[in-house]
Amino acid sequence: MTVSLCVREPYRVDGDRQFRFGVVAAAAVPGIGALSPVVSPNGAAAMGGHIDDTLGNRLSRYLADGVAIDDAVEALLGAEDVASRRGRQLHGVGRSSQVTATGRDCVAAADRDGDHYTVAGTHLPNEAALDAMVDRYTGAAFGDDPLAERLIDALTAAREVGIDSRRGDSDSDGPLTVGSAAVRVVTTESTDDRRFYNDLRVDASESPITDLETTYNAALLGYEQTVDAYGEPDAPSSP
């Protein structure tokens with residue numbers, strides 16, 4: 001199982017248009033954070049089904065060269081053999097478009113897309129998890145809370161209704177008990193400090209989504225403590 005949400009949030013700073021791109025993902029196997037979230041200043045994407053660990057790098061290069069994400073995904077999947085393409089799920093958002101592609105051999109799979117987001121999953125007990133993610137995210141989209149926090153909250157909404165027919169930690173019983181979760185956010189706005197709550201992974205856990213939320217809260221607290229102790233990087237030192 002992989003369930004994931006990709007978002008694009010444009011905003012303005014001093015009259016200049018900027019973007020936040022983010023992905024949150026969870027899987028019923030370890031290490032999804034090493035493979036699926038693909039995030040750059042040019043877009044955000046996630047993979048499910050049969051994941052190719054080179055696909056994300058190739059997609060990032062297309063986006064960096066100015067190729068629209070829907071055209072990039074079409075080119076990447078079109079270059080694969082039919083069997084590989086049918087087993088893949090790939091979705092995401094670029095600066096001006098979004099795309100969802102779910103191969104016919106993906107098991108119990110579905111996807112959704114909106115003006116600034118895509119969401120998809122495989123091995124779903126039903127499609128309610130995707131609806132829950134969309135409802136939770138869109139209800140808080142462009143809000144004041146950090147995007148990473150809102151993405152994790154959307155993932156929590158999916159967990160609450162059940163996201164994998166093979167896991168035993170939700171509303172279903174299954175043989176897989178160790179999963180993973182990850183969140184990553186990138187902004188086009190130049191910042192002097194690294195907000196480390198924007199790039200977090202739980203690689204192996206029996207409660208990965210809960211642990212990702214806990215890790216995020218700790219990382220946010222640590223960031224705030226660091227700023228309190230040392231100030232912003234461009235702030236003058238105290239005498």
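Predicted model: local features only at pLDDT ≥ 70, side-chain atom pairs only at ≥ 80, totals over all residues.
The buried residues of helix 6 are P208, I209, L212, Y216, A219, L220, G222 and Y223. An α-helix has 3.6 residues a turn, so residues three or four places apart point the same way. The elements that cover the buried residues of helix 6 include strand 2 (16-27), strand 9 (179-187) and strand 10 (199-205), together with helix 5 (147-161).

Two packed helices are described by the angle between their axes and the distance between the axes. For helix 5 and helix 6, the axes lie 10 Å apart and the packing angle is about 160 degrees; because angles over 145 degrees count as roughly antiparallel, the two helices are assigned to that class. The crossing of helix 5 with helix 6 is left-handed. On the side of helix 5 the contact involves A148, E149, I152, L155, T156 and R159, while helix 6 contributes I209, T210, L212, E213, Y216 and L220. Sorted by class, the residues of this contact between helix 5 and helix 6 are seven nonpolar, two polar and three charged.

Helix 5 also packs against helix 4 (residues 128-140), where the axes come within 8 Å and cross at roughly 150 degrees, so that helix 4 and helix 5 are likewise roughly antiparallel to each other. The crossing of helix 4 and helix 5 is right-handed. From helix 4, the residues A128, A129, A132, M133, R136, Y137 and A140 meet a set in helix 5 that consists of L147, R150, D153, A154, L155, A157, A158, E160 and V161. The contact of helix 4 with helix 5 contains twelve nonpolar and four charged residues, but no polar ones.

L90 is located in strand 5 (residues 88-94), and its relative accessible area of 3% places L90 among the buried residues, since buried means under 20%. When neighbours within four places in sequence are left aside, the residues in contact with L90 are A46, M47, L55, V73, L77, V99, T100 and A101. Between L90 and D131 there is a separation of 41 residues in sequence, and their C-alpha atoms are 18 Å apart in space.

Note on methods:
Residues numbered from 1 in each chain as written. Heavy atoms only, no water. Buried < 20%, exposed > 50% of the residue type's maximum accessible area, 1.4 Å probe, protein only. Helix = DSSP H or I, 4+ residues; strand = E, 2+ residues; numbered from the N terminus. Contact = heavy atoms within 4.5 Å. Axes fitted to C-alpha atoms, helices over the stretch in contact; angles between N-to-C directions. Parallel < 35°, antiparallel > 145°, perpendicular 65-115°, else oblique. Left-handed = near helix turned anticlockwise from the far one by under 90°. Nonpolar A, V, L, I, M, F, W, Y, C, P; charged D, E, K, R; others polar.
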